[in-house]
Structures are given as C-alpha cells and as structure tokens.
Amino acid sequence: MMQKNGASCPKESEPDAPGSGPFFGRRGQSEDPGHSFLSGHRGDLILAAVIILAAGIWQLFMMFSDKGSSAALYAVIYVDGKEYSSLPLSEDRQIRVEGFSGMSCLVNITSGKADVTEADCPDRLCVRQKSIGSEGETIVCLPARIVVEVRGEAGEEDEYDAFSM
Amino acid sequence: MISDYSAKTRKTAVLGMFLALALIMGYIESLLPPLSGIPGVKLGLSNIVTLITMEVFGKKEALVVLLLRIVLSGLLFGNMFSMVFSLSGGLLAFAAMGAGSMFKALSITGVSMLGGVFHNIGQLIAAAIVVDELKIAYYGPVLLISGLLTGFVTGLIAKIVLSYIRKAL
C-alpha cells in the first residue's frame, strides 16, 4: 500500500482541473477522477502514525500512573457469591477464608497487593494465580467458591455503570 | 455566465440543503446500532457534510452549517446535555479540521481523521467536566484510535461523494 501511495502521490498535487465550478478551487487540490480513493497523501499516513503513537503513549502513561494510587483500593472477598470480607490493600495482613464444603484458603495482603498463598482445595489454581493490585482484578478459587476482587471502594459498585451522549 | 445574484441564491439553497443533509445524517446514525459499548464511539456521519461544505464553500460556511446542525439536532432529537456534548466535540473537531486543511500534505481523509480524533477529545473533556472525574482519561487511547478509524471512513466517503458532486454542482 505504501508503494502504491508513493506512486500516485504526485498526481494529487496537480492544480485544479479546468471547468470546476464557481464554488471550487478553495484548496489547491482536486480529486483526480481516475484515481483510487484508497490512496491518500503521504501526510495522511504520517498523521495516522502520529495519532496511533499518541494513543500508545497515553496508554502507557495511564498504566504507569496507575501504580501509585493503591491507597483507596480494597480486596473484597466473596464466598459462594456473598460478600465475606473487605480489606484495605494499604494494610498488610493475612486472613483465612472459610469457603464451600470446609475448604479454606489464606489471603495474604502485602505491599498493596492481595494474593492467595495457601489453600486446601484440590487443584490449588488459586495459589498459582498472580497477586492482584489494581481495580477489577480477581483471583478465583472454584472448588471453594471463593473470589477475591480488587475494588475502588469497599464493597461498592462502580459509580458509573454507563452514560450516554 | 452566472450573475452575482443567482450565484448567491444558489449558494444559500445549497447550504440549506447541506444543513438538512447533516441533520438527516445525524438522525440516521442514531438509528444504527452502537458501534461498541464504549460511550462516545460513533461514526460521525454528519461530519461528511461538514467536510464537503468546507471543501466546496469554505471554513466560514462550514462552521455555520455545523453550529446550526448541532443546535437543531439538539432541539429535535436531544436535550441540552447532548447539545453541550456535541458542541464541545464539534467545535474542537472543526478547529482541528480548519487547521489541518491548510496543510497541503493532508488530503480530505487526513483532515477527517484529525476531525474524528479531536471530536472525541472534545467529548472526553466535556465528559470529564460533567462527571468531575479525571479517571475518564482512561478512555483516551481508545477514543483516539476510534476517532482515527471513524474519521478515515467518513473522510473516504466525503472524498468519494465530492468526486461526484463536483460535476453536479
């Protein structure tokens, strides 16, 4: 596509075609009738690249600036769908959670992150899951029906479900 | 030979038609299913008319059509709230497109991409003010990319339409 653009670019810088009406010719470019609509100016491609780059930088910036804001985060623990406990991530502590049919796991909160470090469920997948520290992340233990979720406010739903424009 | 008077009448009529077209475009778009679950991501079909007006008549005329379109569609289909949102997006997009159209290196597609991106930035700013929450900036990257894509599509449509109506007008 780049090649094609390069080849057809000079065509578009031709002056206005003769016979264009009284309303035209504001800008020094006219559409060549036999010219593919998909091939743009080189500037268009550069602009698109710049915008994509800006979006990437913005995304990275968001991801990094996110790290410092763990003060108001909570680890909300659910057992069998019901809220069991809600702990601020800012305080280091351990809690044993009694889950379904006598199984339990140990939730460990250290340096702003929650992790399941011990469990007596059969598959122990919850122990293998990574520690969680940003809003919306979860650790799930299916056999014991325990879910640990990081929330912005203790047990509260997000403030905005949706808004329309 | 077109006299001054009939050229003026013709211009008024065509601009009125463009305004009607822009309103219809906005209405048709409201009938389409939303492109995604993300608020603010939309095609921006009425921007096709803004682009064409800018190409055919100039920036001043395009701004008049844009402002009238936003006010009228706000009164007809929306409310004050939606009017403020489209105004913030529309004006910022218009400023970006006006500036972009002065660069010869950009075709109408590039100008439209600028418009799409800045429309979304304008709406993001308005949303951040309305909900008083800077966290909304999380939408930024998504809105930049979606503005780029929708701007590309509408710019392409405008390019194709222009190639036909240049002969007709």
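**Exercise 1.** Determine which residue of S5(A) is the bridge partner of A:Thr110.

*Solution.* In S5(A), A:Thr110 has A:Lys113 as its bridge partner. Strand S4 (residues 104-110) of chain A and strand S5 (residues 113-119) of chain A run antiparallel and are joined by 6 bridges. Strands are DSSP runs of E with at least two residues, helices runs of H or I with at least four, numbered from the N terminus; two strands pair if DSSP finds at least two bridges between them. In the hairpin of S4(A) and S5(A), 2 residues lie between the strands, and A:Ser111 takes a positive phi near 40 degrees.

The model is predicted: local features need pLDDT of at least 70, and side-chain atom pairs count only at pLDDT 80 or more, whereas totals for chains, interfaces and linings use all residues. Residues are numbered from 1 along each chain, and chains are lettered from A.

**Exercise 2.** Describe how helix H2 (residues 46-56) of chain B and helix H3 (residues 59-77) of chain B cross.

*Solution.* First, their axes, lines fitted to C-alpha atoms over the stretch in contact with angles from 0 to 180 degrees between N-to-C directions, come within 7 Å and cross at roughly 155 degrees. Next, the contact (heavy atoms within 4.5 Å) involves residues including B:Thr50 and B:Met54 of H2(B) and B:Val65 and B:Leu66 of H3(B).

**Exercise 3.** State how many helices and strands chain B has.

*Solution.* Chain B has 6 helices and 0 strands.

Methods:
Heavy atoms only, no water.
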